[in-house]
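Visitor: Could you take me through one part of this model, slowly? I'd like to know what sits around it and what it holds on to.

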Amino acid sequence: MAQIVSRAAAGDEDIGVGTDGRPARVPVSAAAEVSLELTMSQFGAAWWADLAVDLGWRLAATGEVLAAGVIDLARARLIAEATRSLRRGRWRRRCWPRPGG
């Protein structure tokens, strides 16, 4: 799902993707495509697509442990929602201790 969003964002000149392929936001066209594929509302599809983007890029380590079965979807969702409002880098300082300290 994250790759669908990334491809759609890359094709939209108003959104675009970063050097790592991460879309700036979920394009409406990607949410529509996901909603058709999964037969759900476009709102629900946009929410799931946003979670997929978070777990694919911003929280890649969380996505990996979810895929490995170490944590369940509810915990991955909780981590994504709890860290969404924190700026990049700032949440790392809060979640992990400093080296040597």
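Guide: Let's start with Gly44, which is buried at 17% relative accessible area (buried means under 20%, exposed over 50%, partly exposed in between, using a 1.4 Å probe and protein chains only). Keep in mind that this is a predicted model: local features need pLDDT of at least 70 and side-chain atom pairs pLDDT 80 or more, while totals for chains, interfaces and linings use all residues. Residues are numbered from 1 along each chain as its sequence is written, and side-chain values use heavy atoms, with hydrogens and water left out.

Gly44 belongs to helix 3, and that's the part to look at (helices are DSSP runs of H or I with at least four residues, strands are runs of E with at least two, and both are numbered from the N terminus). The C-alpha atom of Gly44 is 8.4 Å from that of Ala31, although 13 residues separate the two along the chain.

Now for a neighbour. Two packed helices are described by the angle between their axes and the distance between the axes. Here, helix 1 (residues 2-10) and helix 3 (residues 42-58) have axes that come within 8 Å and cross at roughly 95°. Axes are lines fitted to C-alpha atoms, for helices over the stretch in contact, with angles from 0 to 180 degrees between N-to-C directions. So the two helices are roughly perpendicular (that's 65 to 115 degrees; under 35 is roughly parallel, over 145 roughly antiparallel, the rest oblique). Helix 1 brings Ala2, Gln3, Val5 and Ser6 to the contact, and helix 3 brings Ala49, Ala52, Val53 and Trp57 (contact means heavy atoms within 4.5 Å). Of these residues, 6 are nonpolar, 2 polar and none charged.

Arg84 sits in the loop between helix 5 (73-83) and helix 6 (90-95), 30 residues from Asp54. Arg22 also pairs with Asp54, with the closest N and O atoms 3.9 Å apart. Arg22 is in the loop between helix 1 and helix 2, so this pair ties together parts 32 residues apart in sequence. Zoom out a bit, and Arg22, Asp50, Asp54, Arg58 and Arg84 are linked in a network of salt bridges.

Terms used. Ala, Val, Leu, Ile, Met, Phe, Trp, Tyr, Cys and Pro count as nonpolar, Asp, Glu, Lys and Arg as charged, and the others, Gly among them, as polar. A salt bridge is a side-chain nitrogen of Lys or Arg within 4 Å of a carboxyl oxygen of Asp or Glu.
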